[in-house]
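Subject: Structure for you to look at

Hello,

Here is the structure I promised to pass on. My notes follow below it; please read them with the model open.

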Amino acid sequence: MDGSPPEQEPIVKPGTGTNGLMALGLILALNQAPSIAAPLSATPETVAATPDEPLPSPSSLPDTSPVSHSFTLNDWGRDLKAPVALLVETPGIGGQAYQVILEALEQAGLDAWSLQFGPLDNPPAQHWAVHLATRAIPVAVQQLKARDRQARRRLLLLGHGMGGVMMLMAIPELDEPPRAVAALGSPLEPAPSELLEWLDTLDTTLPTITTDMDPSWKGQTVSSLLWGSAPPPREPLPTRLALEYLDWLLRGHALPLESITCPVLLVAGAMDRLAPPESIRMASHRLPDSTFLRLGMLHLDWSDPSHGDLIQDRRNAELVADWLRQEVEP
Amino acid sequence: MNPPINHRIPGSARRPGPVGICSFLCPLLLLFFLILLPTCASTVPSSSPCGVQEGYWIETEDAATIYLHHHAASGPPVLVVHGISSNHYCWDLDPRRSLGVFLAQAGLDTWLLDMRGHGLASKGPDARHMKRSWNIDDYALHDIPAAIDFIRQKTGAPRLGYVGHSLGGIVGAIYASQLGDSALYSMVVLGSPVDFSDPDPLLQLARHAFLLGSGMPASVRTPTLARMLDAMADRLPALPEELLYNPQNISREAAMRMMDTVVSPLWAGEMRQFYKILNTGYLISADGTVDYVQAMSSITVPLLVMAGRADRIAPPDRVRPYYLAVSSLERRFVVAGRENGFARDYGHLDLPLGDRAQDEIYPLIAGWLVQHGP
């Protein structure tokens with residue numbers, strides 16, 4: 001692979017300087033989930049993605065030649081002949097944020113793996129972009145299949161938030177369609193809100209967003225709006241990545257939904273303010289074989305989930321894991 | 001006449017079924033709400049708490065009776081329509097919770113409608129002729145035209161504004177799509193769902209309740225049952241009321257007053273039509289031949305659609321298709337939730353009656369109607 005990414009202007013907003021509050025707003029809004037104390041017990045294997053053919057990219061961003069985006073494949077521990085469930089993480093989120101749902105996958109009898117992007121300095125942060133990082137997914141799938149000598153296991157894919165969007169983008173590029181797919185809190189069309197529009201006006205010129213402050217918007221902290229009482233983590237996020245995803249949340253992006261023919265479960269949280277149910281329901285009809293599920297009090301036995309609750313709440317995670325397991329049962 | 005409906009619900013046969021132990025209890029609670037609450041509210045106050053200046057019983061072309069409450073002002077007229085199992089008091093509960101007063105003070109000549117069988121309409125001269133077969137189509141294709149014709153005749157104005165909550169917004173869409181929107185200059189709808197696909201457990205329960213209700217008398221007026229509900233009120237979980245409104249957004253006192261005055265009977269005919277709607281997933285006519293959402297593409301009047309983030313009856317994803325279905329060049333979709341600067345996430349009944357509706361909801365309605373006036 002070519003280790004030197006092409007010269008490319010980073011996407012930054014004009015401004016007078018870095019505003020820590022603004023930066024944190026982005027990081028909390030777009031990329032974070034509360035940390036979980038227990039560490040991952042995975043055995044990471046780091047590889048780099050350089051697909052031969054570039055994926056289609058949104059018209060709003062210029063495509064470039066393939067860029068190497070590093071990632072890690074984490075095996076969650078089970079070594080079975082069980083079907084593989086690969087979770088596509090959102091770049092910048094610590095792997096521990098997915099512990100609950102990965103455990104649920106394992107408990108459902110699936111061989112859980114996670115695709116974790118990073119380290120974020122390879123390529124340099126200003127070159128990270130959603131549509132470019134997406135190219136890592138087919139490479140990761142190839143590597144997983146290479147490990148399976150008998151090649152009998154069909155692949156299940158799932159993703160949360162931005163990771164789910166990237167997963168859906170990548171599916172048409174796979175050699176073989178996955179058996180089934182689950183996207184949790186992944187917007188299929190824009191659902192603008194004043195909060196997101198406010199975040200879009202924030203100025204930041206740093207390639208990576210880091211801060212330890214929680215911005216306030218109309219008397220409410222961004223973290224409380226998005227995560228409720230759960231504590232926000234502190235991890236860096238490439239600014240370009242955050243701004244690109246924010247642009248999609250506000251103005252939409254091209255997803256090849258019609259060409260995804262496998263069964264797709266689309267999960268929305270009733271109180272998800274990043275990917276609200278209205279950004280998913282109507283567009284789900286464009287998928288040939290989709291199931292839309294809004295979690296919340298309408299299900300009468302639990303409260304309305306926020307964006308983070310979709311992967312952190314064990315009942316939600318078990319529901320998704322059970323659905324995936326049912327899809328691979330004879 | 002529109003062609004027959006093609007049923008298209010991709011993947012409808014494959015969905016998880018996360019129903020816990022509470023849902024065992026909830027069909028019972030839902031039935032209480034659908035059947036017993038109208039009993040509690042069958043007594044409608046004889047006078048408005050908000051100083052309505054005049055009211056009119058009007059006979060529709062199919063010989064039913066509607067009632068119009070008038071908050072007079074010198075500006076263009078506005079027809080305001082209540083939701084299912086409700087009446088005009090959802091717009092006129094008290095001086096602080098009165099869209100009627102608010103719009104009149106904004107200069108709009110405001111008319112609050114009691115559709116047939118609701119509110120004072122059920123106290124009219126033809127009360128003895130009330131029919132259990134009345135359905136949603138009757139509201140949309142008879143009551144709304146009668147109200148509009150009366151107001152146009154009374155005021156001399158060629159066009160009206162239209163405000164509808166829940167079913168009131170749905171019948172507005174049916175009226176405008178079937179009879180044309182030329183008599184309207186603008187529309188505002190709050191919490192009006194038009195997409196009933198992918199039924200969640202609540203909708204599935206509602207479907208069974210409507211099926212049961214469609215075979216029962218028009219309204220249950222047994223005082224014993226009402227007393228049973230009252231006696232059980234303190235022992236019920238908070239769930240039923242949280243389905244109807246966000247308790248954080250409406251005071252207990254107002255909620256009790258609301259439940260005393262705002263609820264009107266559910267009619268067997270409308271329950272039968274809702275059963276068909278929930279069974280198919282489509283907003284269809286009572287005879288099943290017209291898909292009203294498809295027909296809504298003929299609507300071109302400026303449209304503001306509002307949904308409450310915490311609305312469990314009409315969640316935003318079921319309301320947004322209303323906004324998407326019309327062809328209006330000027331249209332806006334607003335989710336009343338904290339991410340849009342609202343103090344609280346609004347539920348179904350707090351959209352018209354919440355503690356802050358006067359500060360957060362009414363100004364949006366009045367502003368839209370004034371901005372998109374005749």
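B:D198 is buried, with a relative accessible area of 6% (buried means under 20%, exposed over 50%, partly exposed in between; 1.4 Å probe, protein chains only). B:D198 lies in the loop between β8 (184–190) and α5 (201–214) of chain B. Helices (H or I, at least four residues) and strands (E, at least two) are DSSP runs, numbered from the N terminus. Phi of B:D198 is near 45°, a positive value in a residue other than glycine. Most residues other than glycine have a negative phi.

This is a predicted model: local features need pLDDT of at least 70, side-chain atom pairs count only at pLDDT 80 or more, and totals for chains, interfaces and linings use all residues. Residues are numbered from 1 along each chain as its sequence is written, chains are lettered from A and ligands numbered from 1 in the order in which they are written, and side-chain values use heavy atoms, with hydrogens and water left out.

B:S85 sits in the loop between β3 (77–81) and β4 (92–94) of chain B. B:S85 is buried too, at 13% relative accessible area.

Salt bridges next. The rule is a side-chain nitrogen of Lys or Arg within 4 Å of a carboxyl oxygen of Asp or Glu. It gives 27 salt bridges over all chains. B:D198 belongs to a network of them, with A:R281, A:R294, B:D200, B:D317 and B:R318.

A:D304 and B:R312 also form a salt bridge, with the closest N and O atoms 2.2 Å apart. This pair crosses between chains: A:D304 is in the loop between β12 (290–295) and α10 (309–312) of chain A, and B:R312 is in the loop between β9 and α11 (316–325) of chain B. Both A:D304 and B:R312 are buried.

Within chain A, A:K145 meets A:E176 at 2.9 Å, N to O. A:K145 is in helix α4 (residues 136–147) and A:E176 in the loop between α5 (162–170) and β6 (180–184), 31 residues apart. A:K145 is partly exposed at 31%, and A:E176 is partly exposed at 36%.

Now the sheet in chain B. Eight strands form an open sheet of mixed pairing, in the order β1-β2-β6-β3-β7-β8-β9-β10. Strands pair if DSSP finds at least two bridges between them. The edges are β1 (54–59) and β10 (331–336), each pairing on one side only. Neighbouring strands are turned by 20° on average, direction ignored.

β3(B) and β7(B) (residues 160–165) run parallel, joined by four bridges. There, B:V78 has B:G161 as its bridge partner. β7(B) and β8(B) pair in the parallel sense over six bridges. B:H165 stands opposite B:L190 in β8(B). Seven of the seven residues of β8(B) are buried, so this strand is largely enclosed by the rest of the structure.

One charged side chain remains. B:E360 is in helix α13 (residues 357–360) of chain B. B:E360 is buried yet has no salt bridge; the nearest side chain of opposite charge, B:R356, is 5.4 Å away (Lys and Arg count as positive, Asp and Glu as negative; His and chain ends are not counted). A polar atom of the B:E360 side chain lies 2.8 Å from the backbone nitrogen of B:A343.

Best wishes

Terms used. Axes are lines fitted to C-alpha atoms, for helices over the stretch in contact, and angles run from 0 to 180 degrees between N-to-C directions. A polar contact is a pair of N or O atoms within 3.5 Å; within protein, one must be able to donate a hydrogen and the other to accept it, and residues adjacent in sequence count only if both atoms are side-chain atoms.
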